[in-house]
Amino acid sequence: MPTSPSVASAPTSPVRVTRDRRADLIVTVVALALAVWVTSGLWLDPNGRAITVNSSDQALFEWLLAFGGHAVSHGDNPLYTYLINVPDGVNLAVNTSITVYAVVFAPLTYLIGPPATFLVILTLNLAATAVAWYWLLSRHLVRSPLAAAVGGLFIGFSPGMVSHANAHLNWTAGWLVPLLVWRLFALRRPGHWLRDGVILGVLVAISFSIAAEGLFFTALALGLFVAVWALHPANRAEARAVLPSFLRGLAVTAVVAGVLLAYPLWLHFAGPQRFHGTGFDAVIHSEDIAAYAAFPRRSLAGEAGLRTSLAPNPTEENSFFGWPLLVLTVCCFVLLWRRADQRRRATLWALGIVAVVFAVLSFGPVAKVDGRRTDLPMPFDLLGHLPVVNAALPARLALVVTPVIGLLLAYAIDQLRRRPPRRPAAVAWTLGFVAALLPLFPTPLLTSAREPIPRFITSGTWRDYVSPGGVLTPAPLALDVYPDGQRWQAYALADRQGEFAIPSGFFLGPGGPDGRGRIGPVPRPFSALLDQAARTGLPPIVTEGTREEVRADLEHWRIETVVLPDEVHGAKWPVDEEALRRTLTELFGEPQRVEDVWLWRVDQN
C-alpha cells in the first residue's frame, strides 16, 4: 500500500510497502523479550534491588514519579517543589522532571509503588524504542521487514541505549525520536500543514517533558540533515517547492509548542533556582575518539573481557560500537552509494554529514585518545559556551550517530534482498553482519540488593514525630550519594501517607562556579559533619562553636526530627552508621529508639 513520502531516498518518492503483521508481532515480542532480559536483575525483586552502578539516579527518578503523581492529584505545581531543599525549593523545570510519565503512570505508582513503576517504564522504553524505529523503517523507509527489524532492534538495544538503561528514564525514551522524524517530514505535505503542525507541536511538548536534552539533540540533527539535503543540487527544486508548506507547518509547531511549554520554559530560563550550564566538566564528559571502536561493558564482547574504561562512567558509553561494526557501516555506505542515483546519494550524503559532525562534536573541547588527553582543540570548544549548548554533555552527542548507523544497516539489507549478490558475496555479507552485531548483544544490567525503607517510614510512624508538612532529615542529609531521604519521601507520597519535607536532596540547582549549576545545595556545616563521619568512619571533633553552627543550620532548614536508620544506602561508597550515631549523639545527646531507627527530636525554641 502507498505510504507517506520517504525520508530515505528523495522525500517525494514514496516507498511502497505492505504491512506484515506477522513480522510486526515477531519484532514486538523480540523487543519486549530483550528489554526484560536487559532489566532482568531488577525484575527479580523490583522493590528490593537497585541498579548497581547508578542507584542514585534510580532513586531520583522514583522520587520524580511519586512526586509528579502526588502534585497533580493534589493540585500542586509539578514543576516546582518545596518538599526538598528546604527552604529554597527546587526548580524541576531545569531538572529531568518527566512530568508526562509521572502523570500517565500515577495510577500504577499508587498501586505498585515507585520502584516497580520505574522498572515498568524502563523496560517499556527499551522495547518501544526498538519497535518505533522498526515501524518508521518498515512503513516509510525500506521494503524488507528483515531490514527494518535489524535496524530497529540495533537502535533500540545499541550500546548507548543499554548504557543509559542504567536508570536514565529520559535517555531510554528513544521511541520519541522516530515519531519526531515522521511528523517533521509530514510537514512537507501540501494542504495539511495546520494539522501536521499541531500534531508535531504537541509531540515536541511531550518530548520536552520527558527528555529535553534529547529533544535538543534531535532538533539539531534534523535541522542539519534537512539543510544538507535541501542544498544538494539534486534536491533544490523539490526543496523550493515544499518550502512554503514546510515553513507554515513549522510556524504552527512553534506556536503550539510555545503555548504548551510557556510556563516550563519561563521556569527553565527565568524562574527561581535556575542556573546556567551544569556543574559537569565538558572535558571529562566527552567521548574518547577510541571509544567509537571499543566494545561496551554490558555486551557479549564486554563479558568476554574486551570492555574498556574509556567512558566517564558506566552510564555514558554513548558510542562503543566496536571496530567490526564501524567497518561494516563503511561497507554498507559504499554499497548504497554505488547502487544509488543522484537523489539517493543526496540522502546518503546528508546522513554521512550528520554522523561525522555529531561524532566530532562528541569529542568535547579537546581531543582524548585511548584515555590520554591531548592539547588538540575540537569544534565543541567554540560552541560549548552558547546558551543551552552549555547545559549539554558533549559525550551524549554521540547518541545521534546510532540511528544513522541503524539506518545504513537497514538500507543495506534492503538493497541486498532486492538485488541479491552472488553466493560468495552473500555469505561474506552475512558473516559481516554477524561479526559486527553479535559482540554487541546486550547482557543484563548489574543489580544489587538495596537497603530497605525503614518500618519507621513504611508504617507511618514518622507522622508522630513530624508536624504536617514539617521537616525531617535522614542522616546523612539526602544527596546523590545518599539518596535515602528521597526514597523515603517517595514511598510516603505514593502510599498517600502525607507530606514531610527534607533539607538538601538530589537535584541540579544554582551554586556552582561561575554561576553554573551543581548537584544539591551548597554544603553547610551540619551536612559536612555528617558526610565526613559517613565517608571516613571518624566522628569529627565537636566544639561549642560547632554546636552553634549546627543550631543555625537546623533553624535555617526548620528541622524537627533527625533520623538514622540501621542501614544507610551509600550510592558510591559504604556508609559508617556507627560513626554517624556517635556524631549525632555528641551533637544532640542520646537518641530515642523508634521502630527500627535512631531518632533525635530538635527543639526549635
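At what angle do the axes of helix α6 (residues 114–141) and helix α7 (residues 145–156) cross? They cross at roughly 145 degrees and come within 7 Å. The views below come from a predicted model, in which local features need pLDDT of at least 70, side-chain atom pairs count only at pLDDT 80 or more, and totals for chains, interfaces and linings use all residues. Residues are numbered from 1 along each chain as its sequence is written, and side-chain values use heavy atoms, with hydrogens and water left out.

**View 1. Helix α6 crosses helix α7 in the right-handed sense.** Two packed helices are described by the angle between their axes and the distance between the axes. Axes are lines fitted to C-alpha atoms, for helices over the stretch in contact, and angles run from 0 to 180 degrees between N-to-C directions. Helices (H or I, at least four residues) and strands (E, at least two) are DSSP runs, numbered from the N terminus. A crossing is right-handed if the near helix is turned clockwise from the far one by less than a right angle, and left-handed if anticlockwise. From α6, the contact takes in Leu126, Thr129, Ala130, Trp133, Tyr134, Leu137 and Ser138. From α7 come Pro145, Ala148, Ala149, Gly151, Gly152, Leu153, Ile155 and Gly156. Contact means heavy atoms within 4.5 Å. Ten of the contact residues are nonpolar, five are polar and none is charged. Here Ala, Val, Leu, Ile, Met, Phe, Trp, Tyr, Cys and Pro count as nonpolar, Asp, Glu, Lys and Arg as charged, and the others, Gly among them, as polar.

View 2. Cysteine 331 is partly exposed, at 36% relative accessibility, whereas cysteine 332 is buried, at 0%. Buried means under 20% relative accessible area, exposed over 50%, and partly exposed in between (1.4 Å probe, protein chains only).

**View 3. Strands β4 (residues 366–369) and β5 form a hairpin.** The two strands pair in the antiparallel sense over three bridges; strands count as paired if DSSP finds at least two bridges between them. Valine 369 has arginine 372 of β5 as its bridge partner. Two residues lie between the strands, and aspartate 370 takes a positive phi near 55 degrees. Strand β5 (residues 372–377) lies largely in the open, because the number buried among its six residues is zero.

**View 4. An open sheet of four strands runs in the order β7-β10-β12-β11, with mixed pairing.** Strands of a sheet pair through backbone hydrogen bonds, either parallel or antiparallel. β7 (471–474) and β11 stand at the edges with a single partner strand each, so one side of each has no neighbour in the sheet. Neighbouring strands are turned by 35 degrees against each other on average, direction ignored. Helix α23 (residues 577–588) packs on the sheet and touches β10 and β12; its direction makes about 150 degrees with that of β10. Strand β10 (residues 559–565) pairs with strand β12 (residues 597–601) in the antiparallel sense over five bridges, and valine 563 has leucine 599 of β12 as its bridge partner.

**View 5. Strand β11 (residues 592–594) and β12 pair in the antiparallel sense over three bridges.** Valine 594 stands opposite valine 597 in β12. The hairpin of β11 and β12 has two residues between the strands, and glutamate 595 in the turn has a positive phi of about 55 degrees.

**View 6. Serine 56 is buried in the model, at 4% relative accessibility.** Serine 56 belongs to helix α3 (residues 55–73). Not counting residues up to four places away in sequence, serine 56 touches Asp480, Pro483, Phe506 and Ala571.

**View 7. Serine 362 lies in the loop between α15 (342–361) and β4.** Serine 362 counts as buried, at 0% relative accessibility. Its contacts, leaving aside neighbours within four places in sequence, are Ser286, Glu287, Tyr292, Pro394, Ala395, Leu397 and Ala398.
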